[in-house]
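Hi there,

Here is the structure I promised to pass on to you. Have a look at it first, and my notes follow below.

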Amino acid sequence: MKNSKEVNFTDALRLIRQLNDSVKDYISGSNEAVDLSVYHIPFDVLVTDDARDAHTPALTAIATSADALLRSAERTIALYNDGNKAEANNSLELVNLHTDNILLRLQLLQNNLDKNDTNEVPQQSVVYHDALTRGVEDINARYIEQSETFDNEFVKLNNYFSQAPIGICILKGPDLIVEVANPLYLQLIDKEAADVLHKPLFSALPELEGQQIKNLLTEVYNSGKPYVGDEIGVYLTRNGKRELCHFNFVYQPLYEGYTVNGIIVVCTEVTAIVKAKIELTSRKKEFRNIVMQSPIAMTILKGKDLIIDIANEVMLNDLWRKDISEVEGKSILEVFPELLEQDYAQLLRNVMETGEAHRALESPAYVDSHDGRNLYYLDYEYSPLYEIDGSISGIMCTVNDVTARVKSREGEKAAQKKLENLIYNLPVAMYTIDAKGYIDLYNQAAEKLWGRKPELGVDRWCGSYKLAALDGTPVPHDSCPMAMAFKEARSIQEEIYMFRTNGERRHVIVHPQPLYDDSGAIIGATKVMLDITESKEADEALHKSEEKFRLLASSIPQFIWTFGPDKKLSYFNDSLLRYSGHTAEELLNGAFAAMVHKDDLPKNREMWKRSFETGEEFNIEHRMRRHDGQYRWHLCKATAQYNEQGEITQWVGTSTDIHDQKEFQKTLETVVEERTNDLRRANHELENMNKELSSFAYISSHDLQEPLRKIHTFGSIIMSNDYENLSESGKRNFSRMQLAADRMTKLIQDLLTYSRSNAAEKTFEETNLSLILKEVASDFADSINDKNGILSIGPMPTLNVIPFQIRQLFNNLISNALKFSKEDVPPSITILSETVTGSLIDNPNAQADKNYLHVSVADNGIGFSPQYASRIFEVFQRLHGKTEYEGTGIGLAICMKIAENHKAILNASSQPGEGAVFNIYFPIN
């Protein structure tokens, strides 16, 4: 059937080729712009409305290919415009591939449409042989049936043959006489009926001689077995020319009874399809060669399983890093399972399912290779590949590795950020302005110098609040050094005053210079600012100091002098002149050294030699001759002064008259010797007193306590036997006597304990403090239970101590806590330990670099005022009356003495009614 409107394939083919040529010319430097909008071709007008449904898949495939072509062309032009000429040339290869693809599809569609117009019936692109076979069998059955009927029935059969949509021919006898040939068959062989009917086939078609057709027909006739031909090539003479034609056909033997007496030939021409396939195969081979030789990484994936069909060397070596044998014929998801963890697997499936190409730029991709997992950044495109029937058969993956470019850009960004951070954190103040003079960058030091934060794009020329010349003349911002350097295109360096908003003035050296682009045009300026305010103030102070020094050096009695690098006297003050009686010239020429006493001179020279060699301080006492000839003792010191290279530039020295001190020292030594002798005598007397004290302790222990024991014993007897016979006054007096005797006994015992804590032999042992505390706690168990109290003891270490004294220490502290507990509150005593450094102890005797064991004894008793924190450790010191709380006032003094024996620190802290904490700090090791 003819198209209702003219099909202009010529224009479509021309436009596609023109687009390819235009892109190629543009990136070759023609500079002729390419308008891609004129290449949007409405391909559906190529097919008439009544034929469009049959060719919809082909039209869809052509449109998709055209879209891919336009995208590739656009990308190629963009790469060229960005200056990436090498990548543009690589991308042009993809444009060529898309161009060849769409041209081939257009030619196939045109061939199908032409074939339909010739036969005046719609033809399928592919004729399947099973349909031909069924048609032949049907025709054979009808022929046999009609051959046995009357002649008029034969006419019906002939009409059927004439209207059949396939070529049909019936050959009879061993000579294969053409008995029937329908119009389509005659059209295929380009013969009239008269030239063929009732003639042997090979007489009517002599060009068949020598071709395989004759052998095939003979074999079918002799064997009775049908033969199906698939795209068999046959040379025929058509339109006066010998041409190679291709047919799908069936040779079906025709029986009369059980004997073959003919052959039914059913055929259809597939020359156009075969040529298209040959062309497609050629194009595929060419396409494969282009893929394999492309400088861009490319691979072809086939089917829904994404089987790797081909992959070029760039893809294999640069990206996959695998051999072709490791990937060919395998699913890409099997070879690279890591793609399942990324988006690429789903993107590939989407292209296969929808036919929509996917393109991305600088996409990160992780690929596992023999050398481990590698990160790439890729520009890639997934383009669907179509078959002749319009179905999607695979995907062409085009990948451009831009990892180096991305990393370079990231490196540039990192470098830029690093540079910005470096500039911002530079100790030297600096800032930049843009082409209009507005501040666009400044660092932290500049902000500090200005004392304010300028507003970027608003503050112009300088961020300082106010400017002035060194003579005090105000300097407008548009005439400041930065503005002049920019306007006059020159580098400037000068000193200027900058004022902060609080009025503070800073003395600054500024160095502005213009910035240029590649063409030499000024695009801004940069300025470095060095705040020399303190330096200037220091210079001024130094100048004043030098004046004061010279005045002072001239007035003080000490000699001040310097030696130069040549080890010769280079400066001295007036005091040396007055003392020596020499002239300045004489001193400079050796008189200074000659002033040293001859007996002291060897040591003097030895000391100078060592100082000159090592740079050590020169320090000596020697005698120097005065102008009247008297030698007086002087202390001479000199230190080396160095330059930046570490070289000694001079020696600065002083000589101080110490003659009177020397004389006084002699006198003092005599006095000291006398005092030493006195001290020896005093020590001897002290030893005697200690012996007497020991005797007193013995007497106190035995003789003094014996009367007290008797008083206590006889008093107890009287109180037991005659208590009822006593008057009330007598009872009270006896009770008071007993209490006084008890207190006296306790006082004597405490005094003995205090004395022993000072005089006893100090034998230190490694002692487990936990065991000591358990023993002490056991001693107080009844007292604590009577008061419903709690004694908590934390972990304790082993420490080198005097065991019985430490037991006495904890005994006294726990006894003290129980004694001063609140009347109606159960006592709670907590003993803990920790290791601390001396720097954390608030005591002048603590050594900051030493470790201490801190043991704390805390209670919830009545407490005491902080003002008594030191007093409570003195002997016989009580904060309460003896009738309120029992005791002698010696217990805590004993604790302090024990702490001193261990070189420990003991203190207490408290508030009235809030309990007390006693802290002992034992030095470790």
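First, a term for what follows: buried means under 20% relative accessible area, exposed means over 50%, and partly exposed lies in between (1.4 Å probe, protein chains only). Please keep in mind that this is a predicted model, in which local features need pLDDT of at least 70 and side-chain atom pairs count only at pLDDT 80 or more, while totals for chains, interfaces and linings use all residues. Residues are numbered from 1 along each chain as its sequence is written, and side-chain values use heavy atoms, with hydrogens and water left out.

Let's start with the aromatic rings. A search of the whole structure gives 19 aromatic pairs. Rings of Phe, Tyr and Trp (its six-membered ring) pair if their centres lie within 6.5 Å; planes under 30 degrees apart are stacked, over 60 edge-to-face, and the rest tilted. Tyr227 and Phe249 make a tilted pair, because their ring centres are 6.1 Å apart and their planes are at 35 degrees. Tyr227 belongs to strand 3 (residues 227–238) and Phe249 to strand 4 (residues 241–256), so the pair ties together parts 22 residues apart in sequence. Helices (H or I, at least four residues) and strands (E, at least two) are DSSP runs, numbered from the N terminus. Phe249 is buried at 3% relative accessibility, whereas Tyr227 is partly exposed at 29%.

Tyr344 and Tyr380 form an edge-to-face pair, 5.6 Å centre to centre with 65 degrees between the planes. Since Tyr344 lies in helix 14 (residues 344–354) and Tyr380 in strand 9 (residues 372–386), this pair ties together parts 36 residues apart in sequence. Tyr344 is buried at 6%, and Tyr380 is buried at 5%.

There is also an aromatic cluster made of Trp561, Phe563, Phe592, Trp608, Phe612, Phe618 and Trp651.

Charges over rings come next (NZ of Lys or CZ of Arg within 6 Å of the ring centre and within 35 degrees of the ring normal). Arg242 lies over the face of Tyr235, at 4.1 Å from the ring centre. Lys662 has its charged end over the ring of Trp633, 4.6 Å from the centre.

Finally, a helix contact. The axes of helix 26 (residues 803–819) and helix 27 (residues 891–901) come within 9 Å and cross at roughly 145 degrees. Such axes are lines fitted to C-alpha atoms, for helices over the stretch in contact, with angles from 0 to 180 degrees between N-to-C directions.

Best wishes
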